[in-house]
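This report describes a helix crossing, a chain interface and a pair of domains. The structure is shown first.

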Amino acid sequence: MGQFIQYMINGVISGSVLALIALGIVAVFKATKVVNFAHGHLILFGAYFYFTFSVVLSEAAFMPDWIRSWDPAWLQAYAGDAAMFSPKAAIASWVSDLPRILLGLIGALAANAVLALIIERLVMRPLLGQSAFAMILSTVGLIWVLEGSAGLIWTAEAEQVPALGPNFPIRFELFDQNLFLFSGSLVNLVVALLLFASLMLVLRYTRSGVAIRATAEDQSTAYAMGINVPRVFSTAWLVASTTGAVAGAILASRNGLSPAIGLFGLSVLAVVLMGGLDSFAGVLIASMLVGILSSMAQWKLGGGVAEIVPYVAVLVVILIRPHGFMGQEEIERI
Amino acid sequence: MALNRRTLLKTGAALTAASMAPSIVRAESPHWRVAASLPMTGPFATAGQLVAPAFSEFEQQVNDNGGIGGRPIRIEVEDSGYIPRNALANFQRAQAGGDLHFYYGDSTGFMELVGPTLTGDNAVMMGSTSFASALSDPANRPYQFMAGPTYEDQFEILLRDIADKGGKTVAFVYSDTEFGRDPIEHGRRVAEELGIEVVLEEVTRAEGADIENHVTKLAQANPEYTILQGYVTGVWPQLIGGARAFGLTTQFMGTFWGMEKIIADRVTEQAGPFLDGYQGVMPYRYFYDQEDAPFYRELGEFKRSVNPGFSGYVTAWELEGRLCLELWKLCMERVIEADKEVTPDNLMAELGAIRNWDSGGFFGEPVNVVNNKIGQGRVYRYDAESRLYNPVSDWIQV
């Protein structure tokens, strides 16, 4: 039982990262009816921007030393001679890295937002009024443009970036079993769930949220009702790119920074289909389910099979419910 | 002008002579031609860019010393992006450009792809970045060789070292790639022979592995030693970091591509000294270990002479490329000295005849080339404070 819970915990943590990635895909789809195949590569750019600001830029000669490593006397006194990986040492190291983590996050959010606005303005907006199919295909083209650009700008080697939270093992007992999780993963889980919940609240209770939902329902009527539809599109891309930047930073700190992040993001599309393209709640459930299934398969069947099992489950769900767990079935009236 | 029989014959002869001229010129090429594919872009761009100087410097050094058999060499390097079909296209272009005396491939994928085509006039002596066990097969791969031990050999060296130190349990953690799976079956067999129990075989993604789950499984299996295979710059540092943070005491070990000092130094710089104590097999001396390595000292002096900003360190990746070239040069010299024709068969025959060769310091002991490989290596340990890999075993022959 203890082991089962341990792998459940691992699965929920993986699922929360999937949910954060899926969030951006649903946000764009809800507003524009476009499935953004390039979302994984937006996340890749977010990860590289986080690396650029938190590692490359923070070490630049013109940057003050405290950005690279903040080491005030009180922090030194706090750390004392704590052993590496002890909670104390991990917290001290994280506080010392905090200026560059914040610089990395702010930089990644801003740079990814600019990138998304450029994409929306130059690629998506000219296609407004055209078929959704044309817009979807243009996002497929974007994958290669973004991947190629990332290869030209950054080296493709795996790099290390600072984690968003301090990383030490938290051990606890449940059902007479010793369990653990990393504090860094717990921080990632909290960040992902907070972002998810905030966005759902914004969509439900704010004017922008209502505008997005109205546009998703019917663009022409939304225009007629005075909603600035192009701005709604921009907002959706902004939401996707900024949540993608956070997802990128989390993925890079969890697994190392490499071009594989783009493909990982692309694979999350299957999770979104399972949950329902236009349902945040459905996608959250699907993400957790895939995370847990993947974790259980890794435990019982090993890595080779673990890659396949969750996606077989996705396929089964789509066969039974083509619109996913909570996706809206579209009824076309003639 | 009227076209009579005589004019037609003259014109035909002239055209034939003109069309033959390039091949005559090629046959009398004043250079020995070497070509290479390197991943200058793509996932292993850093590795490719670090290996590249081995080729330009080798060309300059050899030509400064009068070439090989009095004839200079010419080296052409092209980018493959680590895509086997690109490397194959590079190779075919190089072949179409005239006599090719040596080719250096960029990956196992390329070597597998091109291997079966190396027959008859297409045959070329070929080294590469790969230590894939399948390439050590003179019967089926008569023109391909590696400048070191196969991955199976490297696993065996590690397992023997574990047995020597009294180790009883081991875990194999490897990427779900050909590179990762290569030595696993052999590793199982050798472990059994040595009385070591394989308590876990864990397959991971090649990049972006799920660290929590892998650490959980390692914690449950609790091996004394964990051998990592099939990674270059990613996954292994995160896995070791996760396991250390969890408090696991298992001794992590790696093979050639996971043993580069600049990667360990970069991880230490960016994420802390958690790689301290990491061990692995390295076929060559590290470049800073120059006491018994006259070749390294000479190479260092040359590098300083052409580049005053030379850091003083040459990566093991570059050394591997350079060693392939040195082995080719040795074979060329022996073929020319024996007054034989320079053909791929003669070159490979000389390679297979290498016994007790003093490599000038690459290897700790004189080496033999058996089955188109050199089965020697040593176990090193990383010290995060000095940022050096230090030897913890003697040179082990397999």
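In this predicted model, H12(A) passes H14(A) in a right-handed crossing. The axes of H12(A) and H14(A), the latter covering residues 309–320 of chain A, come within 8 Å and cross at roughly 140°. H12(A) is therefore oblique to H14(A). On the H12(A) side, the meeting residues are A:Val290, A:Leu293, A:Ser294 and A:Ala297; in H14(A) they are A:Val309, A:Pro310 and A:Ala313. By class, the residues of this contact of H12(A) with H14(A) are 6 nonpolar, 1 polar and no charged.

Chain A also touches chain B, with 33 residues of chain A in contact with 31 residues of chain B. Elements of chain A that each supply at least two residues of the side touching chain B include H1 (2–32), strand S2 (177–182) and H12 (280–300). H1(A) gives the largest share of that side, 4 residues. The side of chain A that touches chain B has 14 nonpolar, 17 polar and 2 charged residues.

Within chain B, the domain assignment gives domain 1 (32–148 + 291–367) and domain 2 (151–282 + 379–397). Their C-alpha centres lie 28 Å apart. Contact between them involves 11 residues of domain 1 of chain B and 14 residues of domain 2 of chain B.

The class counts are set out below.

| Side of domain 1 of chain B that touches domain 2 of chain B | 6 residues | 4 residues | 1 residue |

Key
Residues numbered from 1 in each chain as written. Chains lettered and ligands numbered in written order. Predicted model: local features only at pLDDT ≥ 70, side-chain atom pairs only at ≥ 80, totals over all residues. Contact = placed C-beta atoms within 7 Å. Nonpolar A, V, L, I, M, F, W, Y, C, P; charged D, E, K, R; others polar. Axes fitted to C-alpha atoms, helices over the stretch in contact; angles between N-to-C directions. Parallel < 35°, antiparallel > 145°, perpendicular 65-115°, else oblique. Left-handed = near helix turned anticlockwise from the far one by under 90°. Domains from an automatic or database assignment.
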